[in-house]
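Visitor: Hi, can you walk me through this one? I have just opened it.
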Amino acid sequence: MAGETESFIDKVEEKFHDHNSGSDSYSDSDDDSKKRPPKFASKVNSVYRLFGRDRPVHKVLGGGKPADILLWRNKRCTGMALGAGTALWVFFELMEYHLITLVCHLMILSLGALFLWSNASVFIHKSPLQIPHIAVPQECVLEAASVLRVEINQMFTVLREIGTGRDIKKFLTVVAGLWVISVIGGWFNFLTLFYLFYLSLFTLPLVYEKHEDQVDALAEKAMIEIKKQYAVLDAKVLSQIPIAGFKKD
């Protein structure tokens, strides 16, 4: 009986010791959490992120003023950009204004106002307007052309890989994407489609940033289902197609 009592006391002491050590570990973890780097400071392989990103949405969008405008951090600039795009769409789509006509009318008004003010300033004893000299820097043009060249060459490389029949998965992906675009393009004209794309730049990043955990969870489930369906398609159809140099992922 005494031996059982002693063993029971030993167990209680062990549990008490484990509890204390656990509390110490919790306090240590609290201290570590204070020193822990912010979210997305390092890659977390166990968490699925849309497009495989490991940085905040603001950094993915390039940071700085453009990202602030798209994420509504600078509400004044965002409102001006969104309002200007909406006004142009109303002019061209709803009022059926033509681009060349609008540009010509704006230039006529601007040049007329500048011409009249420059000549009237002599009679009203006002200093004429100092029109700044505007020139496009050569560095900006070369940099933009270099970036555009890289993107075009990459597109040609992808098209060549698809055309040679080496990657049937990429072929099906491109065909499906073009088909979806063609269907959407049949619903709207080019101007409305471009405006919807412009409008999505100011809405989708903001919604995703506020609900990224829920969106990432849904995207992960969708990707798992897509991979399952592709595996079934690959086993029943694609693997039966004799293609030279066929590449499987």
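Visitor: Is Lys-170 buried, partly exposed or exposed?
Guide: Lys-170 is partly exposed, with a relative accessible area of 26%. Buried means under 20% relative accessible area, exposed means over 50%, and partly exposed is in between (1.4 Å probe, protein chains only). Before we go on, some ground rules. This is a predicted model, where local features need pLDDT of at least 70, side-chain atom pairs count only at pLDDT 80 or more, and totals for chains, interfaces and linings use all residues. Residues are numbered from 1 along each chain as its sequence is written, and side-chain values use heavy atoms, with hydrogens and water left out.

Visitor: Which side chain does Lys-170 meet in a salt bridge?
Guide: Its partner is Glu-161, at 2.9 Å from N to O. A salt bridge here is a side-chain nitrogen of Lys or Arg within 4 Å of a carboxyl oxygen of Asp or Glu. Glu-161 is partly exposed, also with a relative accessible area of 26%.

Visitor: How many salt bridges are there in the whole structure?
Guide: The search finds two. Besides the Lys-170 and Glu-161 pair, Glu-209 bridges to Arg-73, with the closest N and O atoms 2.5 Å apart.

Visitor: Where do Glu-209 and Arg-73 lie?
Guide: Glu-209 is in helix 9 (residues 204-210), and Arg-73 is in the loop between helix 3 (64-70) and helix 4 (75-94), so the pair ties together parts that are 136 residues apart in sequence. Glu-209 is partly exposed at 23%. Arg-73 is partly exposed too, at 46% relative accessibility.

Visitor: Back up a bit. How many helices and strands does the protein have?
Guide: It has 10 helices and zero strands. Helices (H or I, at least four residues) and strands (E, at least two) are DSSP runs, numbered from the N terminus.

Visitor: And what share of the residues counts as buried?
Guide: Of the 249 residues, 13% count as buried.

Visitor: Which residues are among the buried ones?
Guide: Thr-78 is one of them, with a relative accessible area of 0%. Thr-78 lies in helix 4. Leaving aside neighbours within four places in sequence, Thr-78 is in contact with Asp-68, Ile-69, Trp-72 and Phe-202. Contact means heavy atoms within 4.5 Å.

Visitor: What about Thr-192, buried or exposed?
Guide: Thr-192 is buried, at 11%. Thr-192 sits in helix 8. Not counting residues up to four places away in sequence, Thr-192 touches Trp-89 and Glu-93.

Visitor: New topic. How many aromatic pairs does the search find?
Guide: Three, across the whole structure. One of them is Trp-89 with Tyr-195, which is stacked: 4.9 Å centre to centre, 10° between the planes. Rings of Phe, Tyr and Trp (its six-membered ring) pair if their centres lie within 6.5 Å; planes under 30 degrees apart count as stacked, over 60 as edge-to-face and the rest as tilted.

Visitor: Which helices hold Trp-89 and Tyr-195?
Guide: Trp-89 is in helix 4 and Tyr-195 is in helix 8 (residues 190-201), 106 residues apart, and the pair links these distant parts of the chain. Both Trp-89 and Tyr-195 are buried.

Visitor: What other pair can you show me?
Guide: Phe-190 and Phe-194 are also stacked, at 6.4 Å centre to centre and 25° between the planes. They are four residues apart in helix 8, so about one helical turn separates them. Phe-190 is exposed, at 68%. Phe-194 is partly exposed, at 47%.

Visitor: Which residues does UniProt list as "transmembrane region"?
Guide: The unreviewed UniProt entry lists residues 97-117 and 171-198. UniProt positions use the numbering here, feature names are shortened, and annotations may be inferred rather than shown by experiment.

Visitor: How far apart are the end C-alpha atoms of residues 97-117?
Guide: They lie 29 Å apart, and the span is 90% helix and 0% strand. For residues 171-198 the ends lie 28 Å apart, with 93% helix and 0% strand.

Visitor: Last one. Where is Leu-114?
Guide: Leu-114 is in helix 5 (residues 99-123). Leu-114 counts as partly exposed, at 31% relative accessibility.
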